[in-house]
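Hi everyone, thanks for making the time. Have a look at the model on the screen, and I'll walk you through some of its contacts and its fold.

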Amino acid sequence: MIYLALLCALASAPESTIEHADSFIGSFLYADTENGDKAIVAAIELATEELNFVVRPLARAKLKENNAAPKTVSIRREGVKLLLETPSRSWATDLFSKPLTISLPGGRTGLVSKTLDGNALVEVIQVAQTTRENRYSLSGNGSELQVQVNIVTPRLTKPIYYELTYARVPK
């Protein structure tokens, strides 16, 4: 099922071109930290509420660690590759191409892909049976970057979903 979501996203005809990605190019600072951090905690609480009392605190701690909002996001284009960088990771991938294999801490590997879906830049990260979709959208004037995060894993009965807001750093 995880691969099906990736294949559907990649197989669909691109509605935008690589040049459309240029509107996302820039640096962004985490702007709405109070609401964003509360949204992350609330999403994790909701997704783990049905776990048993032994596993729940361990799962919540691990999820909070893995879902800390990056303080900065930088997006730039290198030819046909789009580089999306945060303080903890940096992956350059082609838009509309097959997923790139990535190495993660602890010797794990995963897949990452990026595509444009209308006015949104969509990054899909797959690790084992977990799929994380980061959907980046710009405000009308391009001054804010909205990031919608959706994490689906068979280990949880509900997905983790939250939104973060970043302010564009003037050039």
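Leaving out residues up to four places away in sequence, T153 touches Q129 and T130, where contact means heavy atoms within 4.5 Å. T153 sits in the loop between β9 (144–152) and β10, and with a relative accessible area of 12% it is buried. For the cut-offs, buried is under 20% relative accessible area, exposed is over 50%, and partly exposed lies in between, with a 1.4 Å probe and protein chains only.

A quick word on where this comes from: the model is predicted, so local features need pLDDT of at least 70 and side-chain atom pairs count only at pLDDT 80 or more, while totals for chains, interfaces and linings use all residues. Residues are numbered from 1 along each chain as its sequence is written, and side-chain values use heavy atoms, with hydrogens and water left out.

T130 also turns up in the sheet: it is the bridge partner, in β8, of V127. Strands β7 (residues 120–127) and β8 (residues 130–138) pair in the antiparallel sense over eight bridges; two strands count as paired if DSSP finds at least two bridges between them.

Now the wider view. The chain has three helices and ten strands, taken as DSSP runs numbered from the N terminus: helices are H or I with at least four residues, strands E with at least two.

Last stop, α3. A59, R60 and L63 are buried there. Down the axis of α3, its buried residues fall within an arc of 100 degrees, so they line one face of the helix; the arc is that of the directions from the helix axis to the C-beta atoms. In general, an α-helix has 3.6 residues a turn, so residues three or four places apart point the same way. What covers the buried residues of α3 includes α2 (33–48) and β10 (160–168), while the face turned away carries the exposed L58 and E65.
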